[in-house]
Amino acid sequence: MFIPRAGTRGQAPLLIPHNRDSEETRPMDTAFFFIQLLNGLQYGLLLFLVACGLTLIFGIMGIINLAHGSFYMIGAYIAWSLASMTGNLALAILLGIPLTVLLGMLLEWLLFRYLYARDHLYQVLMTYGLILVFEELRSLVWGDDVHGVAVPALLAGSIPLTDNLSYPIYRLAISVICLVLAGGLYWLIQKTRLGMMIRAGSTNREMVQALGINIKLLYTLIFALGVALAAFAGMIAAPVSSVYPNMGAQVLIICFVVVVIGGIGSVWGALLASVLIGLTDTFGKVLLPEYAGVSTYLLMALVLLWRPEGLFKRI
Amino acid sequence: MRTKRAVLLPLVLLTLLLAVFPLVGETFYIQLLTKVMIMAIFAMSLDLLVGYTGLVSLGHAAFYGLAGYVLARVAPQYEPASLWTTLPLAMAACAAFALLTGLLVLRTSGVYFIMVTLAFAQMLFFVFHDTPIGGGSDGIYIYAKPLVKIGETTLLDLEDRSVFFWFVLGLMAVVYLFLRRVLDSNFGRALVGIKTNEHRLQALGFPTFRYKLASYMLSGTLAGLAGYLAAAQFGFVNPEILGWHTSGGVLMMVILGGMGSVHGAALGAFAFILLQEVLSNQSWFGAVAKHWQLAMGLFIIGVALLLPRGLMGLMGVAGYFTGKAKSVDE
Amino acid sequence: MSEAILRAESLTKRFGGLTAVSEVTLELHVGQVHAVIGPNGAGKSTLTNLLSGDLPPSAGVIHYLDEAQVRHNLAGMKSDRIARLGIGRSYQKTNIFLPFTAFENCRLAAQSRLPRAWRIFRGADRYADVNAIAERSLQAAGLSERSEMPAAALSHGEQRQLEIAMCLETQPRVLLLDEPLAGMGPQESQRIIELIRQLTPAHAIMLIEHDMDAVFAVAHCLTVMVNGEVIESGAPAEIRASLKVQQAYLGDAHGGFNG
């Protein structure tokens, strides 16, 4: 049987199947099914954090950003290096978030704002170059080794489900954090002035300008938000997925699938599609391990047949 | 077309120079140039899609890798396979895959198309990476180059690196002339029409979907030719060749070449590979050479921000023999 | 009167909650100009888009009688197929291949009628018949001297003429002209009106136009749309006399029939 190795590009990095070696051959009893369900949800919700930035940045600024997966990787590496310095993952994340927001603002200000009016081709070109730069900088700064990040002591235990099956608290915590963030995003988009601008911007870019909104600032903020969300996903995923080179690439491609299924620019489409993909991938890995990698893409193919524009239109 | 002659002469000279190279060049450079020419075929095939039909694919490696895997799977383990059967089979497999995925990806356009092509290439990556047919992440070795025989007479001994070089050079020239021909036909004109204003072309009565599908299949099949040659040259295939860095690389070549000129794409391939070789040259850059991708990345960012028409634009070469289509583009 | 070549029945187009075209029924006959008028936003362009297949209708049927007297329902058919069946259109906003030369624009249009243009090896410039058609139509549009100029460099009026020339090259039997006079000077307008008159005997024409003088100069039949609905339809004299139409126009736009 093929067992994915950490660091190979073929691995779905967010998902380390629980009790992988012994459980895959077990029959699907209820507890086992329940565990996989939780795994799928956790994977999907993490994907959502990365994908929603991608879809927002496209929906509002019209930019396709291949380097978005790199932000996930950068987040994971920041979490690892700060956690090994401070010895505390929570503290590392708290310190890391402002760093990634700054990184996002800086990148938008230095590079991305020159791409708004350009053809998608040049956006692809530049952000592809950016990936190479990020990967090499990562190699220079942090090296090429695989690193593990310890689960915070507070969340280290497991919840027993049956005699020999249990579920790690940290994984549950990831899901809860992601859900809280999704709720926060809902509040941000539906209830705040910034959200009003985001909604307006995603339906009609010209209109936002006509309303006299500071479009430059709005773009910088949204970009930074997207970067920070992706990096945050990398940070909280670090203890379960470990930290390794090229970890962003696979996430990026899956996020593209999420965006295609959910509909470009649609945050709620991204949420639904992320969870759908998380579940498909997880159960695929359990039921047909050799074909699991293909399953999410087949799901995308089905959606393309049915609704080429994705499930949702706009926000 | 109008500026045809202006570019024809340098191209013929360049081809002649290439043709005599194996007689004087070192083995390393013969092999490097062979690789460059294979990439040139690959880049030209993608240019048909990106530069002429206006479809930006980020999954072109799928065809390139698929053809290589077909060769690897069909060839007997330690003996050479016949080129007469394996090459058509590899290209047919690419055409079939293009038809199958084309029916789906061409339902989308623009940025969706970019993402979906990437995703389908990744799907194929997983097929060869995870399932038994692909040999896992280590890939499959191809121990012998294909045989070009009629009856018992060997027409070309591809094991000879010079012969292989000329074989690839010949195919590159054939692909170039073929694409020039195709692009100058009614079909080719319609493709440029699709790139410029698909909606209008449809209103004139062109079944644009079919044109795009034909372009996609043609492009994929030619990419398969490149992938077949690459697999034969390197002697192995692994999932990396289907990876998105392969797709990204070839797209870079096309963009560097300025898009929308067939020889531009080929020159883009030359420039890209040579740049790669120079930047990763340890005797020149020492320990830094290990991180050559940093310089490459910065270079690509620079091109994206500063040179909207690629290197061809920089050199001021008359790369726009499709002047009709490009002259007032921006 | 002969049988209608095109008959739309209860044609409806909804965009979400908005009904842009509601239950519109109209007929086009060869030899007649059927003008569709109405204030901005009345759904005239949407109606054109439904007939040409640029948009799929939400409900309704479009009967069309082709050259061989075979009946087709165009509703839901793709625009390229509708075009090949013999329905040509011009666009309200000039819609041509801007980077191409005027000649190449016309050549492409003429190429669209080559039976199965899938021969990929023969140079496009070697189809003498196609070239001849393209040159002839450039001449007819008065653009012979602009032949090698990129379409983007033509004046607005010239671009509109080029567009109509391209449309004619597809040898349509039904012409859908969406505000062909928009943005044209009086002389250019006169030229187009003359052209419409010339085309009328052999074509069924639907004309959308705001210039009422032009409309009443060429139309045999008028349909008035307001808010997506047909409020009146009939001969020019009836429309002129219609109270409903006067109210709609005077109520909505102050320009009256000159609007």
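How far apart are the nearest C-alpha atoms of chain A and chain C, two chains that do not touch? They are 12 Å apart.

A word on ground rules before going on. This is a predicted model, in which local features need pLDDT of at least 70 and side-chain atom pairs count only at pLDDT 80 or more, while totals for chains, interfaces and linings use all residues. Residues are numbered from 1 along each chain as its sequence is written, with chains lettered from A and ligands numbered from 1 in the order in which they are written.

Let's start with chain B. It has 14 helices and four strands; these are DSSP runs numbered from the N terminus, helices being H or I with at least four residues and strands E with at least two. Its C-alpha trace spans about 55 × 45 × 45 Å along the principal axes. The radius of gyration of chain B, 19 Å, agrees with the value near 20 Å that a compact globule of 330 residues would have; it is taken over C-alpha atoms, and the globule rule is 2.2 Å times the number of residues to the power 0.38. Of contacts in chain B between residues at least 6 apart in sequence, 77% link residues at least 24 apart.

Now for its partners. Two pairs of chains are in contact, and chains A and B share the most contacts. That contact draws 42 residues from chain B and 40 residues from chain A. On the chain B side, α5 (110–130), α9 (244–256) and α12 (292–306) each give two or more residues, and α5(B) has the largest share, with 15 residues. By class, this side has 28 nonpolar, twelve polar and two charged residues. Nonpolar covers Ala, Val, Leu, Ile, Met, Phe, Trp, Tyr, Cys and Pro, charged covers Asp, Glu, Lys and Arg, and the others, Gly among them, are polar.

Over at chain C, 33 residues are in contact with 24 residues of chain B. The elements of chain C giving two or more residues there are α2 (79–85) and α3 (102–111). This side of chain C divides into 18 nonpolar, eight polar and seven charged residues.

Chain C itself is assigned domain 1 (1–86 + 172–259) and domain 2 (96–171), with bounds from an automatic or database domain assignment. Their C-alpha centres lie 26 Å apart, and eight residues of domain 1 are in contact with seven residues of domain 2.
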